[in-house]
Amino acid sequence: MGKKVLVVYGGWNGHQPEYFANKISDWLKTQNANVFISDSTSIYTNGKLMNKLDLIIQHITMNEITDDQLNGLIKAVANGTGLAGCHGGLADSFRDKTEYQYMVGGQFVKHPGGEVNYKVTIENKKDPITKGINDFKIFSEQYYMHVDPALEILASTKFSGENDPWIKGAIVPVVWKKKYGKGKVFYNSIGHSKNTFEIPEVWNLITRGISWASK
């Protein structure tokens, strides 16, 4: 990879942000990336650093961000820095910031039934991120999300309606990629607990997506 990557973590501890930050940073180093790690969104106001990044990986759930910090992040991505993440760490970070959600492409709203058994269907098997990965089943939180209709959907899931019957048959994206300005954005809704990152399909999707998003 040989890229300059910023990993930012924090927010709700239930998503083990520090664990994910360390795990993904260790992998990035095996790809010869130059990794910067921060536990605060204040790093987004460091223009000197932000201007030289190839990629930002964020794992922050249910937190707050100041306008100047958010503007620093948005400016970097719009100018060509990639953005990647998973689960609530990217799609449930700042619930009151609609421009942030517009950039990411979706926002978590519920996981009916908590952790459940569900199937992930690969929608585009020719994309480099998904190539060779088959449909798979998983026991975790099945994210019901509000999403941007302009997404390039790579994987999805269908809700059974067992918990909320009115959503039976609803198909919701699980993995997507998109553009925001000149930047590339990658997201995977799987990643609630440590064990999910040990599932080969999940880890391959995340690492391939990260590689794609880096400019």
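Is Asn32 buried or exposed? Asn32 is exposed, at a relative accessible area of 62% (exposed means over 50%, buried under 20%, partly exposed in between, with a 1.4 Å probe and protein chains only).

The model is predicted: local features need pLDDT of at least 70, side-chain atom pairs count only at pLDDT 80 or more, and totals for chains, interfaces and linings use all residues. Residues are numbered from 1 along each chain as its sequence is written, and side-chain values use heavy atoms, leaving out hydrogens and water.

**View 1. Asn32 in the loop between α1 and β2.** The loop lies between α1 (17-30) and β2 (34-38); helices (H or I, at least four residues) and strands (E, at least two) are DSSP runs, numbered from the N terminus. Asn32 is not a glycine, yet its phi is positive, about 65 degrees.

**View 2. Met62 in the loop between β3 and α3.** This loop joins the stretch from β3 (55-61) to α3 (67-78). Met62, also a residue other than glycine, has a positive phi near 50 degrees. With 40% relative accessibility, Met62 counts as partly exposed.

View 3. The protein has 6 helices and 11 strands. Its C-alpha trace spans about 50 × 35 × 30 Å along the principal axes. Of the 215 residues, 55% are buried. Contacts (heavy atoms within 4.5 Å) between residues at least 6 apart in sequence join residues at least 24 apart in 72% of cases.
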